[in-house]
Amino acid sequence: MNKQSNTYTIIYIIVMVVVVGAALAFTSISLKYRQQANADADKMRQILASVKVEVPQDEIADQYGKLITSTYVIDADGKKVADAPDAFTVNVAMQSKEPADKRMLPVYECTLPDGSLKYILAMYGAGLWGPIWGYVSVDADGTTVYGAYFAHQGETPGLGAEIEKPAFSDQFQGKHLLVNGNFTPIAVVKSGMPAPEGADYVDAISGGTITSKGVGAMIDNCLAPYGPFLKSIASNN
Amino acid sequence: MSNKSVFFNPFSKNNPVIVQILGICSVLAVTVKLEPAIVMGLSVIAVLAFSNVIISLIRNTIPTNIRIIVQLVVVAGLVVIVSQLLEAYAYDVSKQLSVFIGLIITNCILMGRLEAFAMANKPWPSFLDGVGNGIGYAIILIIVGFFRELLGSGTLLGYQVVPDSFYAAGYVNNGLMILPPMALVTVACIIWVHRSFNKDLQEK
């Protein structure tokens with residue numbers, strides 16, 4: 001058979017693509033379970049990081065089960081959604097694009113070893129090059145931030161990527177999400193710029209302006225719907 | 001060329017990184033820490049060896065005018081499989097390497113070996129050539145990663161090796177080592193040392 005003919009070339013390509021496609025599909029399906037388990041463990045690690053609990057890889061699931069005492073989904077009025085899916089499976093990325101009053105908001109209740117109760121809230125937004133996301137933990141008073149964790153997909157190392165460092169996220173400790181009983185987003189402000197009036201703020205990353213703005217917008221967009229929920233906790237105290 | 005020289009030449013005299021200056025981009029990107037450098041090295045060895053064998057096995061059937069496409073498909077398929085395996089069994093490493101695993105596809109060493117060696121040789125020598133070149137690449141990656149992690153972070157494989165007393169005495173980690181330019185400088189130093197030992201590589 002003439003190996004340089006068009007027919008041969010076309011048949012060759014078709015056979016090759018089918019074989020390679022089958023091999024890839026097989027790999028993907030047979031590894032899916034393990035990959036999902038890894039992704040879940042990583043999500044648990046991030047949630048725990050927002051309450052400053054750092055555990056080795058193999059103890060994540062144990063610690064998560066121990067510390068996260070309850071999870072539920074609320075709506076923008078702060079009421080629990082009865083027939084909601086498991087909070088852990090709520091896709092925050094999709095929810096953050098919905099209008100505020102249609103969102104499903106996951107809440108993780110965490111009881112630390114010292115007995116204190118923290119509420120962990122989820123965030124998702126856009127940085128400069130790709131998505132950014134994070135978790136914020138709030139004290140039992142519904143007002144004060146206890147800790148925060150931020151992650152990113154592909155921000156510039158040394159600039160925007162600094163949001164994942166404790167030097168940035170530790171600033172959020174002690175900041176207030178409710179000011180005079182109303183939700184006020186924590187602003188991310190460049191040094192030298194005037195601080196916003198009546199709101200708490202943290203310093204932006206120098207050289208990472210767009211990413212910092214993304215973090216500010218993410219806090220505003222994703223935490224504002226939690227406002228009524230935080231208010232109801234605060235008023236119960 | 002004997003099988004022995006096919007395997008051992010890429011270690012030093014015909015090293016893909018420091019003699020042929022191929023695959024420099026990934027040397028810059030993944031050598032901040034030693035661990036991703038080792039994993040990247042192993043991944044390239046695996047992909048290079050198997051793609052060399054596969055291409056060598058089917059080399060007589062490949063229509064000449066689409067041979068580059070065939071090579072790309074084989075390499076891309078293997079790379080996706082490697083990246084899926086890492087995601088399942090070494091999640092942290094796969095997160096760190098993320099895009100760079102995908103970029104193995106465009107690693108010039110791969111296309112170079114497929115086009116220059118596997119298309120014209122039997123499977124066994126091709127396998128040796130792939131492993132040899134992969135190791136030659138991995139050695140340089142590991143040397144660069146060793147120095148960058150040691151001097152930049154004071155750790156090796158994540159364990160602190162610079163004693164606390166050094167820091168107490170005023171020693172500071174060199175932040176510049178973490179940035180990409182120092183990978184180039186480190187590679188250049190390796191080339192310098194290598195050429196001063198191998199006079200026949202020096203240009204007149």
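**A helix pair in chain B**

Reply: α3(B) and α7(B) cross in a right-handed sense, meaning that the near helix is turned clockwise from the far one by less than a right angle. This is a predicted model, where local features need pLDDT of at least 70, side-chain atom pairs count only at pLDDT 80 or more, and totals for chains, interfaces and linings use all residues. Residues are numbered from 1 along each chain as its sequence is written, with chains lettered from A and ligands numbered from 1 in the order in which they are written.

Helix α3 of chain B covers residues 34–57 and helix α7 of chain B covers residues 123–153; helices here are DSSP runs of H or I with at least four residues, and strands are E runs of at least two, numbered from the N terminus. Their axes come within 8 Å and cross at roughly 165°, using lines fitted to C-alpha atoms over the stretch in contact and angles from 0 to 180 degrees between N-to-C directions. α3(B) and α7(B) are therefore roughly antiparallel (over 145 degrees). Their contact has 21 nonpolar, eight polar and two charged residues; Asp, Glu, Lys and Arg count as charged, Ala, Val, Leu, Ile, Met, Phe, Trp, Tyr, Cys and Pro as nonpolar, and the others, Gly among them, as polar.

Now to the backbone. Also in chain B, Ile21(B) has a positive phi of about 55° although it is not a glycine. Ile21(B) sits in the loop between α1 (3–8) and α2 (24–29) of chain B. With 12 other C-beta atoms within 10 Å, Ile21(B) is exposed (12 or fewer, with C-beta atoms placed from the backbone).

In chain A, Asn180(A), again not a glycine, has a positive phi of about 55°. Asn180(A) lies in the loop joining β6 (178–179) and β7 (182–183) of chain A, and counts as exposed, having 7 C-beta neighbours inside 10 Å.

Note on methods: A residue is buried if 20 or more other C-beta atoms lie within 10 Å of its own, exposed if 12 or fewer, and partly exposed in between; C-beta atoms are placed from the backbone. Angles under 35 degrees count as roughly parallel, over 145 as roughly antiparallel, 65 to 115 as roughly perpendicular and the rest as oblique.
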